[in-house]
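Visitor: I would like to learn how to read a few features of a protein model. Could you take me through them, please?

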Amino acid sequence: METAIRRDMILDVEVVDLLNHQIMMEQKASSKYLAMASWCDQRELRNSATYFYNQAEEERAHMMKIFKFVNDNGGSALSPTVDTITHEYESLRAVFEASLDAEIEVTKSIHHAFKTARKVGDFTSEIFLQWFVTEQAEEEEKVRDILDMIDLMDDMPLKMVDERIPTA
């Protein structure tokens with residue numbers, strides 16, 4: 001069955017493998033954000049917790065968007081497994097630094113898939129991935145802005161910093 005699916009799909013096999021890797025990356029990011037949300041929730045950092053719960057849901061939506069794209073175009077999307085996730089952080093800043101690291105990792109993976117799609121002439125995947133390229137630039141900027149705000153409020157009580165974390 002896999003041979004028939006791969007023979008009839010319009011996507012490049014190498015790109016499908018990278019998209020399946022991206023599915024795993026998005027699920028892993030979602031799981032990381034759930035752990036971050038839990039850390040914040042346990043410390044009564046309500047806005048930060050909400051921010052990370054929303055991020056977890058957004059990453060899952062990204063995973064599903066890629067999953068459906070692969071299946072809808074004749075490929076075989078693979079359900080991801082997630083390795084161990086960190087649940088402990090030193091500070092709110094450390095949580096957001098870890099968030100930025102996760103976003104950068106996802107961005108690099110998206111860029112690799114995009115470049116490969118372009119190189120092999122998989123225009124369907126290249127056009128599909130363009131949305132993710134733009135989305136990742138926005139995601140990284142959002143986290144960097146939060147880290148800048150945390151730095152500016154360094155001497156403020158943690159609750160006051162948390163009140164300024166965007167929840168949407």
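This is a predicted model: local features need pLDDT of at least 70, side-chain atom pairs count only at pLDDT 80 or more; totals for chains, interfaces and linings use all residues.

Visitor: Let us begin with the record. Which residues does the UniProt annotation "binding site" cover?

Guide: According to that unreviewed entry, the "binding site" annotation covers Glu26, Glu59, His62, Glu103 and Gln136. These residues are spread over 111 residues of sequence, yet they cluster in space, with a largest C-alpha distance of 12.7 Å.

Visitor: Let me pick one of them. Is Glu59 buried or exposed?

Guide: Buried means a relative accessible area under 20%. Glu59 has a value of 0%, so Glu59 is buried. Its place is in helix H3, which runs over residues 46–72.

Visitor: Which residues does Glu59 touch, leaving aside those up to four places away in sequence?

Guide: Glu59 touches Glu26, Ala29, Ser30, Tyr33 and Glu103.

Visitor: Now the charges. How many salt bridges does the structure hold?

Guide: Side chains of opposite charge can pair when their charged atoms come close. This structure holds 11 salt bridges. One of them joins the side chains of Lys32 and Glu105, at 3.5 Å from N to O. Lys32 lies in helix H2 (residues 13–42) and Glu105 in helix H4 (residues 92–120), so this pair ties together parts that are 73 residues apart in sequence. Glu105 is partly exposed, at 32% relative accessibility.

Visitor: What are the closest N and O atoms of Asp151 and Arg93 apart?

Guide: They are 2.7 Å apart, in a salt bridge. This pair also links distant parts of the chain, as Asp151 is in helix H5 and Arg93 in helix H4, 58 residues apart. Asp151 is partly exposed at 39%, and Arg93 is partly exposed at 25%.

Visitor: Where do Lys68 and Asp72 lie?

Guide: Both lie in helix H3, four residues apart, which is about one turn of the helix. Lys68 is partly exposed at 45%, while Asp72 is exposed at 52%.

Visitor: Which residues are linked in a network of salt bridges?

Guide: Asp41, Glu44 and Arg46 are linked in such a network.

Technical notes
Residues are numbered from 1 along each chain as its sequence is written. Side-chain values use heavy atoms; hydrogens and water are left out. UniProt positions are given in the numbering used here, feature names are shortened, and annotations may be inferred rather than shown by experiment. Helices (H or I, at least four residues) and strands (E, at least two) are DSSP runs, numbered from the N terminus. Buried means under 20% relative accessible area, exposed over 50%, partly exposed in between (1.4 Å probe, protein chains only). Contact means heavy atoms within 4.5 Å. A salt bridge is a side-chain nitrogen of Lys or Arg within 4 Å of a carboxyl oxygen of Asp or Glu.
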